Amino acid sequence: MQPFKKHTGLVAAMDRANVDTDQIIPKQFLKRIERTGFGRFLFHDWRFLDDGTPNPEFELNHPDLRGASILLARRNFGCGSSREHAPWALHDYGFRVLVAPSFADIFYNNCFKNGMLPIRLDEPTVDELFARAASHRHRLTVCLETCRISDETGLSIPFEVEPFRRHCLLDGLDDIGLTMEHEHRIAVYEKAHGLISNP
Amino acid sequence: MATTAPRTMFAKIWDHHVVHAEEGQQTILYIDLHLVHEVTSPQAFEGLRLAGRKVRRPQLTVATADHNVPTTDRSLPILDPISKQQIDTLRENCRQFGIRFYDLDDANQGIVHVIGPELGLTQPGMTIVCGDSHTATHGALGALAFGIGTSEVEHVLASQTLLQSRPKTMELRVDGRLSGGVTAKDLILYLIGEISTQGGTGYCVEYTGSAVRSLGMEERMTVCNMSIEAGARAGMIAPDDTTYEYLRGRPFAPRDYDAAVERWRKLPTDPGATYDKSRVFAAADVQPQVTWGTNPGQVAPVTGRVPSPDDMADRAERKHVAGALEYMDLKPGCAIQEIALDRVFIGSCTNSRIEDLRAAAAVARGYKVATRVGAMVVPGSGLVKRQAEAEGLDRVFKDAGFEWREAGCSMCLAMNPDKLEPGERCASTSNRNFEGRQGKGGRTHLVSPAMAAAAAIAGHFVDIRQWEYKT
Ligand code: SF4
């Protein structure tokens with residue numbers, strides 16, 4: 001996994017609550033057996049009209065938001081299905097940081113596994129970021145080392161991340177590799193609980 | 001862990017499965033049963049191959065194909081080449097890694113959350129995961145069961161463990177008894193409406209109280225199934241005689257059954273144990289429910305009306321409700337019973353078990369589906385289908401004009417050819433009414449099986465408590 005230390009990028013504001021994973025990546029794209037290439041299907045049914053052309057009404061299609069890498073959203077982002085295709089699609093599209101008042105649990109977890117940083121902030125702070133994002137091509141810098149979000153006008157907002165997740169993201173650690181360092185403990189557990197007769 | 005302090009059922013199961021815990025780290029938790037399906041697993045198997053890893057405990061892993069499978073004649077080839085490739089990939093992965101696979105022609109094939117309990121794979125006290133958010137279904141038998149992403153599927157395949165932060169616990173207690181015509185589905189929709197779609201985020205929910213205790217085993221599964229719709233990854237109900245009776249004699253039930261029951265009797269939450277949060281509800285307040293919006297918390301009693309965005313507390317919610325009503329093409333103040341339907345779907349891991357089909361068939365018996373409505377029944381598994389046919393339920397449905405299909409997820413998520421056309425309105429016994437869930441532009445109303453059957457016949461929603469049953 002790519003380490004995540006610090007990221008500066010353009011903010012795309014999506015003023016919608018309860019954005020579910022069925023919207024982030026609709027089911028017709030879940031049949032692929034690869035992990036890559038989901039970005040062009042991100043928000044497909046909102047992003048494209050029936051004839052396949054971009055929907056000019058949809059936030060991310062605004063020409064000013066081309067190249068956005070920080071997504072600002074409302075509460076309960078990523079609710080619904082466990083499909084990891086949702087973070088894959090966001091990441092493949094170019095997002096590296098997601099900011100919202102709350103995220104659904106499985107989605108939140110899936111983001112970290114893919115080198116993306118979801119940040120929970122209280123509602124008034126998110127409102128403030130929405131207000132700032134309304135100005136032309138607003139950029140933020142997100143530093144995971146100091147756990148701060150800043151911009152060029154002196155904004156500085158602290159955020160919290162579980163220490164373990166932070167550590168894994170900073171160093172780009174692979175979960176499975178970490179767990180396998182404890183393989184002997186797993187074997188001991190299996191033996192003690194009679195799970196495996198012939199370990 | 002030796003402790004005398006009273007513990008919740010969650011804590012007992014969690015503590016028992018800790019392989020390794022360290023301050024400031026996530027816990028390594030042992031997984032007793034890993035259920036696998038075709039949609040969220042191919043990338044995980046590919047990851048194993050790339051890293052040169054094996055499946056650590058293939059015997060604790062069980063796979064089936066459900067999400068993508070056609071529900072029409074199984075002897076015909078799968079028409080969609082990409083669906084076929086996904087199912088072929090799972091078959092090949094299971095062969096290569098030595099995992100038991102219930103293939104399309106297997107009598108035990110079905111929706112993964114239906115076959116787990118049905119085969120007795122799901123047992124009290126277990127940790128169970130699956131790359132599917134409705135895994136909490138298995139919590140109905142007193143297991144700690146939750147959905148995981150594909151990276152975690154790979155983690156479990158490789159290590160038979162998962163890295164987890166301990167969730168908080170929430171008790172949802174329902175006192176009293178559900179009144180006639182009010183089902184487990186109505187109860188869970190009501191609870192989601194009360195605590196909201198994110199009320200359970202970060203928690204493992206335990207459903208308690210006399211109303212929950214008096215539910216049958218399959219009804220409990222319906223309740224736990226939709227925990228994720230309240231934001232909770234896991235939902236559970238303490239095992240009791242209902243559970244033990246249900247599991248007895250199932251193919252994978254423990255051989256020394258009485259000894260197992262003795263162990264399971266120690267699982268329920270100890271008197272005096274506390275939850276991080278508790279909420280209490282009265283069963284008498286629950287009426288038959290119908291969702292009117294685009295998330296499962298947007299729900300009203302069948303006797304109610306569609307609300308107005310102006311009724312909502314804050315700006316974000318007003319905007320969300322206005323958007324939902326526009327998508328659903330509903331006006332504020334419209335009576336729920338005036339909503340007319342084009343389609344009816346009875347199925348999904350929430351409501352496709354034999355008792356669900358019996359309840360729907362009892363309503364349909366002797367009636368005809370309204371002419372403008374297309375209705376289908378999709379059993380949750382091959383075994384449910386055969387049982388229903390043995391009881392003659394298929395005839396009742398077919399005589400009434402319902403289509404009778406093969407087992408699978410079908411129009412719950414419409415990955416296979418069963419889907420709504422844009423603008424079509426559907427009464428569905430599934431669990432998600434998100435935009436486009438049942439087909440792009442389709443409009444979904446979630447209800448119980450009996451309410452869905454009645455709506456198919458009347459052509460609009462009706463209060464099932466007024467239904468005239470024919471014998
Ligand atoms: S029936 Fe629906 S919710 Fe259940 S596992 Fe299948 S797709 Fe998921």
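With which side chain does the side chain of Thr350(B) make a polar contact of 2.9 Å? The partner is Asn431(B). A polar contact is a pair of N or O atoms within 3.5 Å; within protein, one must be able to donate a hydrogen and the other to accept it, and residues adjacent in sequence count only if both atoms are side-chain atoms.

This is a predicted model, in which local features need pLDDT of at least 70, side-chain atom pairs count only at pLDDT 80 or more, and totals for chains, interfaces and linings use all residues. Residues are numbered from 1 along each chain as its sequence is written, chains are lettered from A and ligands numbered from 1 in the order in which they are written, and side-chain values use heavy atoms, with hydrogens and water left out.

Stay with Thr350(B). It sits in the loop between strand 15 (343-346) and helix 12 (354-364) of chain B. Helices (H or I, at least four residues) and strands (E, at least two) are DSSP runs, numbered from the N terminus. Thr350(B) is buried, at a relative accessible area of 0%. Buried means under 20% relative accessible area, exposed over 50%, and partly exposed in between (1.4 Å probe, protein chains only). The side chain of Thr350(B) also makes a polar contact with the side chain of Asn225(B), at 2.7 Å. Beyond its neighbours within four places in sequence, Thr350(B) is in contact (heavy atoms within 4.5 Å) with residues including Lys185(B), Met226(B) and Asp356(B).

Asn433(B) is buried, with a relative accessible area of 1%. Its side chain reaches the backbone oxygen of Asn295(B) at 3.0 Å. A polar atom of that side chain also lies 3.1 Å from the backbone oxygen of Gly293(B).

Now turn to the interface. Here 56 residues of chain A are in contact with 71 residues of chain B. The size of an interface is often given as the accessible area lost when the parts come together. Chain A and chain B bury about 5,300 Å² between them, 51% of it on carbon and sulfur atoms. Buried area is the accessible area (1.4 Å probe) that two parts lose on being put together, summed over both. Lys27(A), Lys31(A) and Ile33(A) supply 14% of the area that chain A buries against chain B, more than any other three residues.

Polar contacts cross the interface too. Between chain A and chain B, 34 residue pairs are in polar contact, both at pLDDT 80 or more. Several helices of chain A each supply at least two residues of the side that touches chain B, among them helix 3 (85-93) and helix 6 (163-171). Helix 8 of chain A gives the largest share of that side, six residues. The residues of that side divide into 18 nonpolar, 15 polar and 23 charged. Ala, Val, Leu, Ile, Met, Phe, Trp, Tyr, Cys and Pro count as nonpolar, Asp, Glu, Lys and Arg as charged, and the others, Gly among them, as polar.

Next, the charged pairs. Side chains of opposite charge can pair when their charged atoms come close. A salt bridge is a side-chain nitrogen of Lys or Arg within 4 Å of a carboxyl oxygen of Asp or Glu. Over all chains the count comes to 49 salt bridges, and between chain A and chain B it is eleven. One of them joins Lys440(B) and Asp50(A), at 3.1 Å from N to O.

Glu317(B) forms a salt bridge with Arg75(A), the closest N and O atoms being 3.5 Å apart. Glu317(B) lies in helix 11 (residues 315-328) of chain B and Arg75(A) in the loop between strand 2 and helix 3 of chain A, so the pair joins two chains. Arg75(A) is buried, at 12% relative accessible area. A network of salt bridges links Asp15(A), Arg74(A), Asp127(A) and Arg315(B).

Within chain A, Asp22(A) forms a salt bridge with Arg83(A), the closest N and O atoms being 3.4 Å apart. Asp22(A) lies in helix 1 and Arg83(A) in the loop between strand 2 (70-73) and helix 3, so the pair ties together parts that are 61 residues apart in sequence. Asp22(A) and Arg83(A) are buried.
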